[in-house]
Number of protein chains: 6
Amino acid sequence: MKNLTHIDEQGRAKMVDVSEKPSTAREAVAMAKILMKPETLQLIIENRIAKGEVLQVARIAGIMASKKTSELIPLCHPLSITKVDVDFNILPQENAIEIQARVKTIGQTGVEMEALTAVTVSALTVYDMCKAVDREMTITEVMLLEKRGGKSGEFVRKR
Amino acid sequence: MKNLTHIDEQGRAKMVDVSEKPSTAREAVAMAKILMKPETLQLIIENRIAKGEVLQVARIAGIMASKKTSELIPLCHPLSITKVDVDFNILPQENAIEIQARVKTIGQTGVEMEALTAVTVSALTVYDMCKAVDREMTITEVMLLEKRGGKSGEFVRKR
Amino acid sequence: MKNLTHIDEQGRAKMVDVSEKPSTAREAVAMAKILMKPETLQLIIENRIAKGEVLQVARIAGIMASKKTSELIPLCHPLSITKVDVDFNILPQENAIEIQARVKTIGQTGVEMEALTAVTVSALTVYDMCKAVDREMTITEVMLLEKRGGKSGEFVRKR
Amino acid sequence: MKNLTHIDEQGRAKMVDVSEKPSTAREAVAMAKILMKPETLQLIIENRIAKGEVLQVARIAGIMASKKTSELIPLCHPLSITKVDVDFNILPQENAIEIQARVKTIGQTGVEMEALTAVTVSALTVYDMCKAVDREMTITEVMLLEKRGGKSGEFVRKR
Amino acid sequence: MKNLTHIDEQGRAKMVDVSEKPSTAREAVAMAKILMKPETLQLIIENRIAKGEVLQVARIAGIMASKKTSELIPLCHPLSITKVDVDFNILPQENAIEIQARVKTIGQTGVEMEALTAVTVSALTVYDMCKAVDREMTITEVMLLEKRGGKSGEFVRKR
Amino acid sequence: MKNLTHIDEQGRAKMVDVSEKPSTAREAVAMAKILMKPETLQLIIENRIAKGEVLQVARIAGIMASKKTSELIPLCHPLSITKVDVDFNILPQENAIEIQARVKTIGQTGVEMEALTAVTVSALTVYDMCKAVDREMTITEVMLLEKRGGKSGEFVRKR
């Protein structure tokens, strides 16, 4: 059975040593979904038709947060992101918005955490902007969808 | 129908003006759940019995992130947290860990976002530390459970 | 002749001691102008009519930067902003965009630096987003327009 | 007509993908000017002769800010600066101080924004340290002077 | 015997709850000493006589770091500093520089950590600026000298 | 006699230009010691036997701080750490804890400051968590122990 890579033999937290890993092109895609009341979704959609502010603020928040990932996640390596995209898909039948982030780098470690941080902070921003009208919004299905590059090869999550 | 408080009449994003609000005691409780494979949960538990590192790192990450909330969420007011607690509840039957954060302040705005940020970054940290053994962990049920203080009064979410 | 408040008698930099100052309502308004080629302004306007992204990203950048003021300006006191507004006025005859920021707090020091930081970073963001089409954009007229609250009373700059 | 590189076809803000760009030596020079009352300039000069604090604090502020550029400018790529210089030129006839910053990196994107951020925050720091004696200082002529490296080749602004 | 205030009954790290504590004037003084070769001290002194850069950069670094204390120390409460002073005392007979920081706030918790962070980062900055000529500099005697305000009353360390 | 590398010929602070330096594997080891009352050490040990929280929080704090080094030390180059380890050695006879940090990177500059920042912030965190029971803890012997890689070759401090 594999061991936790961030815990050493004495059970102490450690940052994985990536010094010997080659610097290669890496990419990750993550998603989150935020569930809300139909009226809340309607307010966001109407604003989007006009100017799209809620989702645009959430997009910027997600992009900026992905650049802060190694400040937030204690054992995460700092790396230089070469690309972040945050996109929204409105799901009227589920009264939900799906958020996807795609992050790229040329580096020694993957960018899963950067993609997951982007979708999560983006979803929290939607919550913040709408919380006065809907406190019961729920963030769900936060997960890694795709990962490419590095020794472990390609990963695509079946949905 | 209520309007989005963070969008003005022209549809522009704005920070709500809290200058006139009194400074009062406020509290919020939020949760997140992280689902994983039974083997992953087992690895975390065994480490916890020994030294508890995974959850302890995740706790520190959540506490520190809650202090960064206004840096992450664009229209969130900075405030001085007086207390943050992050706790874990292992749910073996669901192959999940539930994370709860309780945040307090004396201030002009609530601390929902601080509590939600704490649980979310705590969950992302669990993901980061275990991702080498389980890429398909999923964060779910991120939501506000309780809120006290301020004009809007007490809120307790039914579960 | 008045002395520089941030330099002590030995010529050393110091943070002004505001411990004894009462906590009062304070407000500041600052502006910046960004000059560009007519074609650049046209591109921004067209995008604004559609979705307004350039100016919306610049607005968010300005709001978030104002919260970081005390991290950027070495001798600036940290304070809790209660309100930030960033607004744009397109000046087609000058091929320019004027940016204004209004910041409020309840605190022991003024928020001039927060307002000036907001307009400056907002203008830099416009530059960043348009620099591929116009490297010669120039930021100018960065100044304090209004200041209220605190011992020094009201200040309104004549324009 | 060229399009805005930070806006995609749907008008959404995006970070430019630099993954495929080679890592090359890059350099940028930017300037800002800060206008003030003759007495204010005199105070700064006298302090400079003694110990130079105002401009030295402003220099440090500019250098440190350039390292924070990608935190401030939403769609800016993080990169590792290899050199930052901030310099001052006192212009007694204009009652002004000119600030220049030169920034270098080995990377996939240019350092214009880092140089512009350095001069801007440096100028704001001068404002902060002198604002008690001169609220009407104005920052002006913030612009890129030179840029080298990368696909677009050399740029030198005519003054 | 007293217990560790940052560890709860189950041995978990926690942030102390200061919600009920009154907001009062608080002050702390801390020191650090940095030992070096006589030649290194000489270089710093000569530069100080001319322009004082090493110690001035170290002073700014200490002041700015004290504002970041709650970002660095995991269980430290954020608070709004009202004053920070960093000062240097050259001790030629010990080939050392003594650094003292005095920090004030009006708040619910003390500012010991802010004063200790200021002297420590100030000392590290001296190290950084001189390390090319003296790798064996040693930082020592980092300690709290004075503390005032709050329930625990006055503390003055005997030296 | 060698000159201070961070001060130019006019005595101005500057960031060393590392643009021309090759990117190589680099490593540094630093230490700090924290002296305390025997009872305080006992409290930490007992908690460590149970769960080790004090030292574990201090370890995480040290790791996270090393990633922030270039934000704290004004003239320090940002670089991408590939590994940080923070370890503790309890010295009962000295009533002290020794902290060691080992940092690695592949880059153009060394990681001494990252290792020194890690041990220092780790020691400050121990102070913070135990200060309610022992205000007179002292941090001492903060120094570089080893350095490898780069033009200056290997350095090992004799102890």
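This is a predicted model: local features need pLDDT of at least 70, side-chain atom pairs count only at pLDDT 80 or more; totals for chains, interfaces and linings use all residues.
Copies are superposed here by least squares on the C-alpha atoms of residues with pLDDT of at least 70 in both. Residues are numbered from 1 along each chain as its sequence is written, chains are lettered from A and ligands numbered from 1 in the order in which they are written, and side-chain values use heavy atoms, with hydrogens and water left out.

**Symmetry**

- Two copies of a chain are related by a rotation about an axis and a shift along it.
- Chain C superposes on chain D by a rotation of 180 degrees, with 0.0 Å of shift along the axis and RMSD 0.0 Å.
- The C-alpha of T140(C) is the one in chain C nearest that axis, at 2.0 Å.
- Of the interface residues of chain C, 100% are also interface residues in chain D, so the copies meet through the same surface.
- For chain F, 100% of the interface residues are also interface residues in chain B, so these copies too meet through the same surface.

**Extent of the C–D contact**

- Chain C gives 56 residues to the contact and chain D gives 56 residues; contact means heavy atoms within 4.5 Å.
- About 5100 Å² is buried between chain C and chain D, 66% of it on carbon and sulfur atoms.
- Buried area is the accessible area (1.4 Å probe) that two parts lose on being put together, summed over both.

- Four salt bridges link chain C and chain D; each is a side-chain nitrogen of Lys or Arg within 4 Å of a carboxyl oxygen of Asp or Glu.
- E71(C) and K68(D) form a salt bridge through their side chains, at 2.9 Å, N to O.

**Elements on the chain C side**

- Elements giving two or more residues to the side of chain C that touches chain D are α1 (38-50), α2 (53-66), α3 (69-72), α4 (112-130) and β4 (138-148).
- Helices (H or I, at least four residues) and strands (E, at least two) are DSSP runs, numbered from the N terminus.
- α4(C) supplies the largest share of this side, 12 residues.

**Strand pairing across the interface**

- β4(C) pairs with β4 (residues 138-148) of chain D in the antiparallel sense, over two bridges; pairing requires at least two DSSP bridges between the strands.
- I139(C) has V142(D) as its bridge partner in β4(D).
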